[in-house]
Amino acid sequence: MNITVVSGKGGVGKSTLSASLVHMLTERFGKDNIVSVDCDVDAADLHIFLGQGATVLEEYEAESSEKAFVDYDRCTSCGRCDVCRFNALRLVNGQPVIDRYACEGCGACTVLCPTDAIQIKPVKNAVIRVLDTEYGILVTGQLRIGESGSGKIVTLLKDKVNQMISDGRIRPRYVIRDGAPGISCPVIASVNGSDYVIVVTEPTPSGLVDMERVLEIVEQFGIPYGIVINKHDANPVLTERIQNEYRGIVLTKIPYDRKVVEAAVNRTPLTLLHPEFKGYIRPVIEKITSLR
Ligand code: SF4
Ligand code: SF4
């Protein structure tokens with residue numbers, strides 16, 4: 001069963017919750033039954049909570065975007081390729097120089113080149129790792145700085161898990177995906193194919209707006225979801241409003257506490273370092289384990 005944790009924006013406690021869910025599910029079902037996937041490939045951090053002492057089982061570079069490359073031996077300096085709308089190509093002494101960070105791989109420059117001197121090629125834009133952790137297998141991907149294609153990298157991570165399952169290497173009861181924040185491609189890729197989505201929010205006006213935006217995506221997919229209100233005591237009025245508006249959908253609320261920061265500093269799941277937090281997270285576990 002695929003469970004995805006998302007949030008409308010970063011910094012609301014999504015990875016803290018994901019790590020705690022993985023920890024508590026591992027305690028209940030054993031590490032062989034749990035796989036976690038860090039789908040926040042722009043800022044992967046689940047390994048910080050779960051990866052201490054882990055063994056790297058696999059590490060490889062992934063290709064999910066393409067860029068233009070120039071073969072200067074074929075270039076006649078005709079200048080026809082100077083059409084880039086992304087300002088990724090400039091002519092120097094009549095020959096094109098590509099800014100690899102700005103190039104979107106659209107191919108417009110290649111179409112106009114009479115000598116096939118520019119070609120679109122895949123680029124290695126991320127590193128994927130499979131870790132054997134205390135809390136089961138963790139599949140994580142990290143986009144290289146300045147690269148694009150994060151949504152496709154998330155798909156590669158999900159494909160990796162599915163491949164390992166079909167090869168018989170793993171047989172997880174639960175796959176916990178720590179999704180990306182926001183509403184862009186990696187979020188959509190994280191949510192797609194989920195059996196249940198947990199949306200983490202905080203009771204602030206921006207938190208509420210961002211949550212509503214991410215809920216639109218989840219509802220588009222028709223996937224059932226629950227809401228977790230983090231730092232609920234920061235704004236009791238707004239917390240009550242969310243609870244009333246999403247009655248029956250709010251799974252739990254978690255108070256603000258410096259111990260949450262301690263867990264990140266100690267690179268440990270919150271529920272392991274401070275077991276008193278299990279009570280707040282248990283309703284989410286009960287929901288997950290009741291899904292059929
Ligand atoms: S492939 Fe597209 S984005 Fe890249 S340099 Fe050529 S025209 Fe610009
Ligand atoms: S269009 Fe082709 S041959 Fe002309 S300058 Fe560009 S790369 Fe060189």
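Visitor: Where in the chain is the place of V83?

Guide: This is a predicted model, and in it V83 contributes to a nonpolar surface patch of about 260 Å², together with V111 and L112. V83 is partly exposed, with a relative accessible area of 34%. As for its place, V83 is in the loop between β3 (55-70) and β4 (89-92).

Visitor: Which element gives the largest share of the largest nonpolar core?

Guide: This core has 33 residues, and L17, L21 and I198 are the ones that touch the most other members. The elements that give two or more residues to this core are β1 (2-7), α1 (14-29), α2 (46-50), β8 (174-181), β9 (196-201), β11 (250-254) and α10 (278-290). The largest share of this core amounts to seven residues, and the element that gives them is α1.

Visitor: Which of the 14 residues around ligand 2 come nearest?

Guide: By class, the shell around ligand 2 has eight nonpolar, five polar and one charged residues. Of the 14 residues around this ligand, those that come nearest are C75, C78, G79, C81 and C113.

Visitor: How many residues apart are D178 and K14, and are they buried or exposed?

Guide: The side chains of D178 and K14 meet in a salt bridge, with 3.0 Å from N to O. The pair links distant parts of the chain, since D178 is in strand β8 and K14 is in helix α1, 164 residues apart.

Visitor: Why does the pair of E61 and R144 tie together parts that are 83 residues apart in sequence?

Guide: The side chains of E61 and R144 meet in a salt bridge, at 2.2 Å from N to O. At 42% relative accessibility E61 counts as partly exposed, and R144 is partly exposed as well, with a relative accessible area of 34%. Because E61 lies in strand β3 while R144 lies in the loop between β7 (136-143) and α4 (150-166), the pair ties together parts that are 83 residues apart in sequence.

Visitor: By about how many helical turns are R241 and E245 separated?

Guide: The side chains of R241 and E245 meet in a salt bridge, at 3.8 Å from N to O. R241 counts as partly exposed at 44% relative accessibility, and E245 is partly exposed with a relative accessible area of 45%. Because R241 and E245 are four residues apart in helix α7 (residues 236-245), their separation is about one helical turn.

Visitor: Which residues do salt bridges that share partners join into one network?

Guide: The structure holds 15 salt bridges, and side chains of opposite charge can pair when their charged atoms come close. Salt bridges that share partners join one network, and its residues are K14, D40 and D178.

Visitor: What distance separates the C-alpha atoms of Y256 and R177?

Guide: The place of Y256 is in the loop between β11 and α8 (258-265), and at 49% relative accessibility Y256 counts as partly exposed. Along the chain, Y256 and R177 are 79 residues apart, and their C-alpha atoms are separated by 24 Å.

Methods
Residues numbered from 1 in each chain as written. Chains lettered and ligands numbered in written order. Predicted model: local features only at pLDDT ≥ 70, side-chain atom pairs only at ≥ 80, totals over all residues. Heavy atoms only, no water. Patch = residues over 30% accessible without salt bridge, like charges linked within 9 Å, V, L, I, M, F, W, Y side chains within 5 Å. Areas by Shrake-Rupley, 256 points an atom, 1.4 Å probe, with all protein chains shown as cover. Salt bridge = Lys/Arg side-chain N within 4 Å of Asp/Glu carboxyl O. Buried < 20%, exposed > 50% of the residue type's maximum accessible area, 1.4 Å probe, protein only. Core = buried A, V, L, I, M, F, W, Y, C linked by side-chain atoms within 4.5 Å. Near = heavy atom within 4 Å. Nonpolar A, V, L, I, M, F, W, Y, C, P; charged D, E, K, R; others polar.
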